[in-house]
Every structure is written in C-alpha cells, then in structure tokens.
Amino acid sequence: MELTSPAQAGELAAAVTVPRNTPSVRRLERDRLYFAFERPFAPLHLALVAPSGYGKSTLLGQLASRHTCVLIDCSEMDGTARGLAWAIADEVALLVPQAAVGLTRLLERAAGPVPARAFAATLASAGPLILMLDRAEHSGSDAQQWITQLMERLVDTQRIILAGRVLDAFDLSYQIAEGKLQVLGMDALAFTPQEALALADQRGVLLEGTEHFGGWPLAIGLLTAANSNLTPQDLVRRQLQALPVLIRLALPALAVFRVWDDDSAREVTHLPAGWLADVLRAGLLLRPLGDGRFEPHPLVRELLHNELRRTTERWTLAHRHAARQAVSRGQIFDALEHLVTIGDTPAILELTEQHVPLLMERGLYAEATAFLDAIPDGILPASLALHYGLALVETRCTSRGLDLLQQLGGQMPGSALAALLAAHNAYIRADFHAQLAASEQALEGAAELSGLMVMQMNGTRVHALANLGRLEEAQRVAEGAVKQARAQGPAEGLAYVLFAWAFAAQRAGQFMRATELLEESLTIYRQLRMSAKTLGPVMLLADIVLDIGDSGRAAELLAEALTLATQQQSRWVGCLQQTEGRRLLLDGHLNDAVRAFEQAVTAGREAQRPDRLFMSYCLLADTQIKRGAYGAAANALNAASAINASQQGWQDVPEFTALLAFEAGHLAFALGQDEEARTRLEIATWYTGLSGVRASAFLTELARRRGELTEQHAITLAARMRTFGEGHPPAAWDADELKGLYRNLAQREGAGAVFGAWTSAKSDPGVTRVELSGQLIGGPVFRVQGRVLTLEGRQSRLLTALMVRGEQTKDELQEAVFGDDSKDIRDPLKVLRRKLRAVTGVEEPVPLIAHSGVYALADGLEINLDTVRLQRALTLGDVAAIRAILPAPAAVLPHMDGLWIEDLRREVNPLLLQSYLLLGHDAASAGDSVLALATYEAALDLVENDTDLKDVLRPIEQVLRDCGADVQAQLRAYRERALGL
C-alpha cells in the first residue's frame, strides 16, 4: 500500500518532526488552555492526552515560559523510575542547586526502588515548581506507578503535568475522582474555529473548509503555513507508512469500524498481536475512549476506506464482519447500516425478522420506525411491511402508515389479516361502524391470526361498541375476552383487552371498575418491561381521575407519560396534551389550557385522528368560554361541528353528540341566550357522562336565573352528581361559573352534602390547608403535619370513619363507632373536635353541615390516607414508594372490626396483594431470594381465589427453582397454607 510519493518524503519528515518551540514559527497563544491550568481552585495536576499533532509539547513550552518548571522528555529516558528521578534532580540543579543536593543524596542512598514520599519531601525545598513530563507513554510500569505516587505526595505549591498520546497505563482514576487531576483530551486541545481563524489571520492567509479536520492543530498549522505543498492527508499517510508492514496491510479492514479495540481486531485477519501499541506509537489520530477503546479520526478512516474499496470482496467481507460484531454487542442499527451499505438483502431480512418484532412487542415504535426507514424500498415481505405500517401509525407518520396498511390489505383480500388491517385503519379514522364490522370479520378468521392479534381484535371490537353507546354489549364482550386471555394468553393480549374493558367501563361511568382494570393492565405491561405500552392506560386513568375532579393525581400520571411519549415520538403525545389541557382547565390555568388544547389540535390533525381533533376543539371552546373569549370559542365550536358533520356514523356516538350540544349550550348560556342554551343543554342531559351532568347543572342555573328554582331541582341535580363517578360529584368543573347556584343548593335539604364544598370559587390562594394523614395499613395511626396525634379507641374509630367514609349522618357515625350499641356519639365527637382544634388550629375541624344533618372533616384539613398513596404508587409502578408505605406482612386496621371495615379490607387487600407481587419481583430481580420469598409469603396471606393463588405461586416457583429448593414440596405447603388446609 503506497501512501506517499517519494517527492514528498523530505517535506513530510520535516513537517512531522518540527522541533519544539522553533523560533521562526509564531505560536498561537491559547488563553483558554492556560486558564484551565491557572484558574483559581483548578485541580493541582494536569494530563494532556491526544495523538500526534495536537500541540501538547507546544503547550508545555508555552506554560514553561510562564512558570518555574522542569521539563522532561520521557522518550529520552530509560523508562525506569530511577532514571526519571535522576533526570528531575539534574533539572532541579539548574534551578535550585541546594534542593538538588538533597535529591542527589537520597538517590545515592536508595539502592532499590525510589521512595516517592521521601523524594517529594526533599523536592519541597525547591519551592513552587511544575514537573512537566512529555511523551509520558514511554515510561515503564515502575515509573508510571512512581509518578502516580508522587502526585499524591507533592506539596500544594508543586504540580505535575503529564502529556502523551495515550496514558491508559497510568492508574489516574483516584486522582480524577478526588478532583486532584484534570484531563484535557483531543476535544479540548483541538483548535476552536475562532483559534483556527486567529492563526490564519496571524499568518496572513485565508482559511476555508477545515471542518473535516476536527480542529487538528497540526493540520490547521499546515494549511496556514506559507509555501507548503503538503496536505493533512499527507501527514496521515506518513503516519501509516511508519507502521510495520503486516499492520499497514491489514489496517484498511478496520475502516468500517467506528471504534477500534481488540474485539474489532478479531474480525480482521492477519492483524498481529500488539498492533494497537504500534499504531499509537506511530502517532495515528485515535481518540482514547477508555478501557482500551479508540475512535479513529475521520481522516484516518477516509484514507483507509479508500484503500479498502479498491478490493470489492475485501470491502464486503469487512462490512459483514462489522455487522456481526455489532449484533453481538446489541447495536442493531449499526449492523443494519453495514448490511445496507453492501446491499446484503438476505442478511438485512434476517436481522429485521430477529429484532423488529421484539421492538414492536415492547412498544418501541420510534426505534422500529427508524430501523425500517433505513431499509431500501421493495425488499420487505408482507409480514415485516405490516410491522412497518403499524410502527408508522404509532409514531405520528399516519399518512404513510395508513397507505402502507391499505396497500397490504389489498394484497390479501378476504383474509383475516386484511380484516385486521381494515379494523386498524377504521380505528385511526374514527369510523366506528367500519371498525366494528372489520374486527368481527377478523375474529371470524381467528385461526389465521396469532393469539395477540386475536386479543387486539377483541379490544378493537370493545372500543367500537363502547363508542357507539352499546355499553352493556361492550362489557360483556370484554369480560369474555379477558377470560379467554387469562386461560390462553398471551399476557400482553390480556393487558390489551383489560385496557379496552376499562374504556367501556369508563364510558358507563363505572370508574372504580375501570380503575381496577387499568391498574391490572399497567401491572402486566410493567412486568413485561413494555413501558411504552403503558401510555394508553395511563392517559385513560388520568381522564378518569379528571372526570371526578382529582387534578393532583392526574398531574402525577401525566408527567411521566408525557416524557415517555415524547421520547418515543408516540401518537399518544397529542392525546396526552389534550388530557393535560383538561387538568389545567380544571385547575383554573386557562391560558395554559388554551395552549395545551391548541397543541392537541395540531397533533390530532398531523395524526389524522378526527376523534381527537373534534374533542380538542370542543375542550378549547370550553376553555375560551370560561376566559370570556366568546368569538374564539365560537370558532372552535364551528370547527368541531364541521368535523362532526363530515364523519359518517358519528350520529350514533353518544359522547360526541352530547359534548357538542353541551358546549353549544354552554356558549349560549354565557352569552345570555337562555332559550338557545336551554334547547342545546336539554339535548346533552340524556347522556350519562360528564357532559350530561354538566348540562344538568347549567339547566338548573337557568332555572335559578328565572326565579324558578325548586327543591326538586336541587334534589334531582344532587342525585345525578352523586350517581356520576360512583360518589365523586364533578362540581369542580364549573365551580367558578356556578358558585352562586352551589351556594343556593347547599342550603337546601338533601343537597348540602353535595354542594357544600363548592360554595365559593375553586382557587383561593389565601387558604392554608393542614395535612391530616392516616395510616390504615397496620394502623390506625394519625399524624398532623407529620406529628403523631394520640387518640383513644372511640375517638380513633370515629376519626377513621370520617377520613375513610367522608360525610356521614349522626346515625351512620354512631353505627361506625359503636356498631349495634345505641350509645351517644356526642361525647367522642366533642373530644375529637377539641383535640383536632388544639393541634391543627382549625376552628371547627368536624362541623355539622347546615341543612343537611351530616358531619364531615373541615375543608381546611387535607386528608392523606396511606391506602390512597399506595394505590397511586402502584399505578405509577413506584417500587420505592410502595416499599416505604407497606410493611410486610400487613393488614388493614387489624385491631378493628365492623361491616364497613370489612368492606374497606375487601377494597384494599387486592392493592396489598399486587404491591407485594411487585416488591417480590423487584427483590427477585435484584437477586435477593430471601426477601423475595418473604414478600411473596405476605402476598400469599391475601389470596381470595384460585386466580390470586396462581398469581402468587408462579413467581414463588421461579424463586424456589433458582435457589435449588424442593419445589413441589414447598409449593404444596404454600398451597395448603393459603387454602387453610
């Protein structure tokens, strides 16, 4: 391999071997590098690590002119610690003769290894001094160790600067970690663009097109030198020429590798042992990455690659070797790049079939899309093209994805897979009738589909039924699909249909059931490490808690989901922005809500999701009405109406019809157009969801405006609000607009309990709330602002009932505290009031709500129950929070009894069970089998049925197998314990 011409040899030699500090060459003063060493509180010692031509020796010379120093060229030494110590002593003699005398005596007396501690103590008499060790890589092992020890023992006024092409042989990790040593590598030593231009200006030349050189100082210097015919490429050729013949001939095969190390060298034939040391000695431009790994400079790769391309067979083989190594390291994108470069179609397809389905299963759609984008057109078979289409749709490349799916469906008419693609297409287009028909057609050919596809079609069918208002049928279908998935799998399919069932339950207003289904779905996805697929369930859960007015919990759910969705470039980003807008709207941050809904509109349009676009416009209108921007609200409503009119079959979607009617009535109400408002709101009231409940509230306010408000109005609206969301009145949604109505209703018989909390505007920054926390698991234990509140038995039971059950009548409280005994509740109430008033400062901590005959805890007390925090942590998969909340084993209120406490246990015990399973899995993953078994045993005490038992025994069996225990005997004992045999 001829890398240089004979005519250039002399000039090259001169260029590469320019003596340090040549007087005729003007040096660029690099203040930023001086500052790195001279700044206040800089680390004592400095290491300069870079290949040849990065100005290390030049910088040492410049620093030597600014400080008292000893400059040693280690390449001129014998490599031993003793030789280096004598060289330092000789140089010190020229600066401080009296100090050199002590060093000489020490070295003459020490026949063996040079004592670093004594040497440093003697050198201290020389005063402030810098030891500069250039070409330090030429030091031997004992010298390297001695230099490291000397760094530790020098006085603070004496410092060391090491410079070398590579310093991996020095153990400098401790000094770096302790902040005693800073390292300036290639990036720091390279010329900045400003420095390169300054050098050119200093030499009076024009400098252009230097980006490819990466700031290599020697190359920049060569380009700015007068009367030079050499190029930076010539310098690299010279370095390559200096290599032994076997290395020089074999090295081009490494051009396809971005990182050079011993692993990459194994893929190159005829590359001799010790090749890397020879390459470094030749000064080739390699960036040290640590652990024996180096990144070659682009110039090096370019020259070697040009040589490699001269032989097609060798070039192809090198890329195949690189692809194989990339796969072994899990770098599948790098492997694909190598295979695409050489056009190896069979290998491309094999790699794709191995990895893309795994990415899709884990919900990593952005990675799958990026991978498939890199594959040349026309080589993907239908099965892989299907993945491509689905990944494109999931990553907001909707048009491309739908076009590809439609094209694939046309290639297989009448098949179950074609029906599946049609169902997916209809789902994106929000054509719910077509979605239902296609999913049912696909299920008729279920034998042609995988188990996961069957579950996806069941979920798609449930989704369509729920949107069309066929809620009972949707839940019946969902229940059957869940039973099938539990029996046959796969686990991911079970998570999918649980999510679909939760959607139907939410539409039906069954929020508790929907929440339980979502929490199980999320648990499965997390156990399968499919975090990207949690986005849908998290968004639906956030929507549910917003429906009932819990913006705090919604914020927790959305924060992590928004980050994950953005990272994955997921289609859920727009949906989550819509949900985030709802949260901001609920909290009264109207301007921020407008921005969120506008982003959701843009995302819905880009994703071609008419349903999301429609809802975003409606919610934007709702926000603008509350802001008083009625023109903007009308524009948003007009856009929503146009979408609604253009969508076939949407007249059969109750939620959309009710939402549009409510927002139109809401706007008319705000404009004082009472008749128009009444007409529109009455259309919406028949819907059982949130829009219908809000419409009823505004109709009631219309009656109040006209002086027609009656007790029946109050009772009817209170009943509807109680029914919605299973006891979570959504009054928070319009508390500011309807506070006059709520104040009126709170004074009426049978309605005060519902409206009493909403008699003033939601946001009152002047109110200070006092935290009252209750520990029910293993409790009761009560704390006020973190301090324990001591209560006796009846008072404790009374406060527990108020915290858990909320507002209660006197009779209900008496039953909760005394059971069947007909004792008076007034004494425990009086004592509890007095104690709470003393520790909280709240004047009336347990008021009797006027005109309603119920007791409740005051608004000034912020209730914080450990069961609620546990549910939230379980939903978020927060293992640390669960561990902090939950002792093992634990029970809910173990020392209390009563029917309401049994009901509470039935509600909380499934949470405890799921929490122990999650903690056990975490302990098993960490290799702590003892803790894992103890945690699973705590879960075993909570099983209620065979399904629970299987869920607990399955991980126990795995831990027992890992421990080598007698699995069957142990499982038999666990089963008997659980069943009480």
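Buried means under 20% relative accessible area, exposed over 50%, and partly exposed in between, using a 1.4 Å probe and protein chains only. This is a predicted model, where local features need pLDDT of at least 70, side-chain atom pairs count only at pLDDT 80 or more, and totals for chains, interfaces and linings use all residues. Residues are numbered from 1 along each chain as its sequence is written, and side-chain values use heavy atoms, with hydrogens and water left out.

**View 1. The whole chain, before we zoom in.** The protein chain has 981 residues, and 52% of them count as buried. Its secondary structure comes to 49 helices and 14 strands; these are DSSP runs numbered from the N terminus, helices being H or I with at least four residues and strands E with at least two. Take the contacts (heavy atoms within 4.5 Å) between residues at least 6 apart in sequence: 65% of them join residues at least 24 apart.

**View 2. Strand 1, tucked away.** Strand 1 covers residues 45-49, and five of the five are buried, so the rest of the structure largely encloses this strand. Look at one side and you'll find His 45, Ala 47 and Val 49; on the other sit Leu 46 and Leu 48, and both faces are covered.

**View 3. The neighbours of strand 1.** Strands count as paired if DSSP finds at least two bridges between them. Strand 1 runs parallel to strand 4 (residues 158-164), joined by four bridges, and Leu 48 stands opposite Ala 163 there. Strand 1 also pairs with strand 5 (residues 181-184), in the parallel sense and over four bridges. In strand 5, Leu 184 is the bridge partner of Leu 48.
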